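Walk through this structure with the coordinates open.

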Amino acid sequence: MANSILSVSQLNLYVKSQIESDANLQSLFVKGEIFSFHKHFKSGHLYFSLKDETASIKVVMFASSATKLGFMPEDGMSVLVKGNLSVYERDGVYQLYAKDMIPDGVGARQIALEQLKNKLTQEGLFDHAHKKTLPAYPQNIAIITSKSGAAIKDVASVASRRYPLAKLYLFPVSVQGDLAKPSILWAFDKMQSVDIPFDVCILTRGGGSQEDLWVFNDEQIVRKIFQSNIPLVSAIGHEIDTTLCDFVADMRAPTPSAAAELVTPDIMELESSLLGSKNLVFRRLSAQMDKLAFQIKNSTHRANAAGPQMKLERCQNKLDGLKMTADNLFTHSFVEFQSQLDKCALRLDGANPLTVMNKGFAKVTHQGTAVLKTEQIQVGDHLKISLTDGQIDCLTTEIVKDIKR
Amino acid sequence: MTFEEKMKSLELVIKEMENPSISLEDSLEKYTQAVKLIDQCQQQLDQAKQEAAKLYVVEDN
């Protein structure tokens with residue numbers, strides 16, 4: 001190629017092919033600060049420059065890669081760009097063709113997090129309308145956390161003490177480092193595929209640096225939680241650490257123990273509430289019986305006033321009256337009868353022969369026949385004279401007839 | 001019936017008992033049902049208290 005005359009196009013093409021054939025320039029990681037950021041509104045391609053203290057380079061990110069970004073780059077943001085170097089032949093400039101980009105440094109990461117949070121908020125992932133209610137009495141509780149951490153011990157001990165009826169299922173995952181994301185995603189898939197009807201899920205890990213907790217801001221994990229139909233309680237890090245998982249969770253707890261408390265009813269409270277229910281139903285039933293008893297009493301009263309009972313009472317009264325009249329009549333007639341009897345007795349007394357005999361009269365019989373006339377008797381007849389206290393046997397010596405008779 | 005189902009039926013039974021137009025026969029029946037459910041729940045709690053909640057580990061086969 002030496003000494004030959006090239007066209008501009010030929011030169012640029014040559015440089016391009018030289019650069020593209022250099023393996024060292026085809027899979028690059030370049031670190032720098034973004035400036036002159038521009039997003040082509042129609043195509044969605046991103047155009048910007050990266051710089052450090054002394055140099056800069058142009059960067060292009062095509063829309064196909066740009067849409068996969070978890071954040072929106074902006075001027076001043078430090079980023080780590082993955083891509084390859086090539087030449088834009090028209091202008092004769094070499095530039096970085098970015099395939100992926102991640103925020104670099106705490107500041108940039110924070111900005112990226114804010115952006116992701118805004119994006120997901122706008123999509124409605126954190127809306128209260130989507131929050132699921134925790135079950136009152138969970139039978140199967142899924143716990144996604146590290147197998148070896150303190151979190152699982154805390155959750156198991158609190159849940160077991162409060163609600164020993166529950167079955168706890170640990171999905172052991174890495175909670176930090178490179179394996180964290182795939183293992184947490186695995187846990188959510190497994191939770192759906194395993195044949196256990198989970199009532200609630202606890203996603204937890206103990207405290208750690210922001211770096212340690214970073215995986216819980218991962219967009220894919222957040223979306224996974226959002227898609228899950230199992231109510232989820234998050235307890236990630238300390239109370240001051242809030243991750244996007246906490247935002248998308250149906251409920252957030254400050255510590256693993258608090259999460260266990262949130263998802264389980266307390267057995268002591270349950271027992272007292274059962275007792276309360278027993279009292280309640282008893283009181284309810286007795287109140288109803290009391291009310292009915294009162295109604296019965298009331299109705300009886302009214303029924304009696306209008307019904308046969310009253311008629312019966314009236315009959316009874318009438319009967320009583322009649323009876324009294326009858327008694328009166330009877331008493332009256334008895335008295336009458338008595339007085340008549342007394343009169344008779346008096347008259348009878350007058351007729352009593354003994355009364356006459358008491359006055360000195362005696363009864364004279366001859367051979368059992370009362371002697372009334374002198375002609376019944378002849379001298380020599382034995383006559384019997386009956387007195388009140390005995391008889392006298394007499395011999396007739398003389399008979400004198402009254403002349404008058 | 002699970003504990004939850006029992007608690008749910010209990011709530012329902014109590015609600016029915018609170019209906020002011022319930023007949024005495026129904027009320028008695030509901031009362032019997034409620035007491036039975038309460039006793040069963042209590043029994044289940046007593047049983048569970050004897051043993052700690054079980055912890056299983058779910059892993060890929």
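Across the interface of chain B and chain A, the rule finds 3 salt bridges. This is a predicted model. One of the bridges pairs B:Glu59 with A:Lys147, and their closest N and O atoms are 3.2 Å apart.

How much area is buried between chain B and chain A? About 3,300 Å², with carbon and sulfur atoms giving 68% of it. B:Ala53, B:Tyr56 and B:Val58 supply 18% of what chain B buries against chain A, more than any other three residues. In terms of contacts, 38 residues of chain B touch 34 residues of chain A.

Now look at a helix pair that spans the two chains. Helix 10 of chain A covers residues 267-306 and packs against helix 2 of chain B. Their axes are 10 Å apart, at an angle of about 165 degrees. Angles over 145 degrees count as roughly antiparallel. Helix 10 of chain A and helix 2 of chain B are therefore roughly antiparallel to each other. The crossing is left-handed. By class, this contact has 16 nonpolar, 4 polar and 5 charged residues.

Helix 2 of chain B also has a partner within its own chain. Helix 1 of chain B (residues 3-18) and helix 2 of chain B (residues 24-50) have axes that come within 9 Å and cross at roughly 155 degrees. That makes helix 1 of chain B roughly antiparallel to helix 2 of chain B. Here, too, helix 1 of chain B passes helix 2 of chain B in a left-handed crossing. On the helix 1 side, the contact residues include B:Phe3, B:Met7, B:Leu10, B:Val13 and B:Met17. Helix 2 of chain B contributes, among others, B:Tyr31, B:Ala34, B:Leu37, B:Ile38, B:Cys41 and B:Leu45. Lysines take part on both sides, B:Lys6 from helix 1 and B:Lys30 from helix 2. By class, the contact has 11 nonpolar, 5 polar and 3 charged residues.

The axes of helix 5 and helix 7 of chain A come within 10 Å and cross at roughly 10 degrees. Angles under 35 degrees count as roughly parallel. These two helices of chain A are therefore roughly parallel to each other. From helix 5 of chain A come A:Lys181, A:Ile184, A:Leu185, A:Phe188 and A:Asp189. They meet A:Gln220, A:Ile221, A:Lys224 and A:Ile225 in helix 7 of chain A. By class, this contact has 5 nonpolar, 1 polar and 3 charged residues.

What does A:Lys181 form with A:Asp218? The pair forms a salt bridge, its closest N and O atoms 3.0 Å apart. A:Asp218 lies in the loop between helix 6 (210-213) and helix 7 (219-227) of chain A, and A:Lys181 in helix 5 (residues 180-193) of chain A, so the bridge ties together parts that are 37 residues apart in sequence. Over all chains, the structure holds 15 salt bridges.

Key
Residues numbered from 1 in each chain as written. Chains lettered and ligands numbered in written order. Predicted model: local features only at pLDDT ≥ 70, side-chain atom pairs only at ≥ 80, totals over all residues. Heavy atoms only, no water. Axes fitted to C-alpha atoms, helices over the stretch in contact; angles between N-to-C directions. Helix = DSSP H or I, 4+ residues; strand = E, 2+ residues; numbered from the N terminus. Parallel < 35°, antiparallel > 145°, perpendicular 65-115°, else oblique. Left-handed = near helix turned anticlockwise from the far one by under 90°. Contact = heavy atoms within 4.5 Å. Nonpolar A, V, L, I, M, F, W, Y, C, P; charged D, E, K, R; others polar. Buried area = accessible area lost by both parts, 1.4 Å probe. Salt bridge = Lys/Arg side-chain N within 4 Å of Asp/Glu carboxyl O.
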